[in-house]
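Welcome! Let us walk through this structure together, one part at a time.

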Amino acid sequence: MKCKTLHKDLIFYLDNELPIEKRKEIERHLEMCADCRNFYSFLQAEMQIIGKEKNPEPSPFFFTRLSARIDERPDFRQQSLWNRVAQPAFFSLILIAGIYGGLRFGSHASSGAIHQTSSSSVQLLNDFESEPIESFLLDQ
Amino acid sequence: MDESELIKGIQQGDHRSFQTLVDTYQRKVVNTCLVIVHNTADAEDLAQDVFLEIFRTAGNFRGEARLSTWLYRIATNRSLNHIRNKKRKGFFQSLEETFTGGKNRNSEISENGDDQPDHRITDRQRSDLLHRAIDHLPEKQRVAFTLNKYEELPYQQIAEIMEISLASVESLIHRAKKNLQEQLYECYRKKCV
């Protein structure tokens, strides 16, 4: 095995992801090659850092700070209740009021229109009566 | 209290359910953010943003995925956005420094490093080197690798978090390891620590 080949597979050797034959080959090479052995130690130490950095100690004030941020924005607290109950109820009320108002206005407007038509027709008749052109001509 | 009860409680605005959620997942969420942003204060701020988002949008949770999957997804996305914004700001800052003749931050860091009398490789130096190598990985490789290595998540859950196939996760992690090894070898060869 060449050093270059070993360098490609060393990380997988560390993670125990190589077949047994390949592992043995690497181990034989490491016994013979000091430079590869040094690099192996270097890589191993680097990868062990991951284990040391895992699970940092949580901050004791994390939740306190988080609660404060929620309290700073009251919409966060009210949003769920508003979204679930008040908002649909509010818009439903507006819709019902709109429909009711529309119906009331419609019925009022239609009765008003009938009244207006009848009065205008009466007015026309009255106009005809108030301006008797034929009688005016006859008078002359 | 199981996941569905927890979510139901949060949806109803129950403070105790939310606290249980934070207590259960705080460490995981902070760790996920920390591995990507490498700064404890930023990671905690991001983790808080994650929980605020959960609190605000709990009503949208349909229970198709695990709660932890949802949390990890928000945490990784927020952390990556944070990195992108930081890079953008860094670009404009360096432009400003170029025009105003300001001192480069990187040179300050390297100067400080030279002042150290002890030249043995410390855990801190190893950690910095590893973080730099991880940061050089393409975004998807970085996320898949960190979720697998730091959070010890199985490939299947990583696939759900990243919304990609299982085969893609395998390939991403394989390539991430190869790239990482190449970078670390370069560093070892040049004795950069």
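For chain A, the mean pLDDT is 80, and 71% of the residues reach 70 or more. Where pLDDT is low, the predicted coordinates should not be read in detail.

Now trace chain A itself. Its secondary structure consists of six helices and zero strands, giving the pattern α-α-α-α-α-α along the sequence. Of its 140 residues, 5% count as buried.

Next, look at where the two chains meet. Here 30 residues of chain B are in contact with 30 residues of chain A. On the chain B side, helix 2 (15-37), helix 3 (40-57), helix 6 (123-135) and helix 9 (166-190) each supply at least two residues. Helix 2 of chain B gives the largest share, seven residues. By type, this side of chain B divides into 13 nonpolar, ten polar and seven charged residues.

Finally, visit two loops of chain B. Between helix 2 and helix 3 of chain B sits B:H38, whose phi is near 60 degrees, a positive value in a residue other than glycine. B:H38 is partly exposed, because 18 other C-beta atoms lie within 10 Å. The loop between helix 7 (139-149) and helix 8 (155-162) of chain B holds B:E152. Phi of B:E152 is also positive, near 55 degrees. With 8 other C-beta atoms within 10 Å, B:E152 is exposed.

Methods
Residues numbered from 1 in each chain as written. Chains lettered and ligands numbered in written order. Predicted model: local features only at pLDDT ≥ 70, side-chain atom pairs only at ≥ 80, totals over all residues. pLDDT = per-residue confidence, 0-100. Contact = placed C-beta atoms within 7 Å. Helix = DSSP H or I, 4+ residues; strand = E, 2+ residues; numbered from the N terminus. Nonpolar A, V, L, I, M, F, W, Y, C, P; charged D, E, K, R; others polar. Buried ≥ 20, exposed ≤ 12 C-beta atoms within 10 Å, placed from the backbone.
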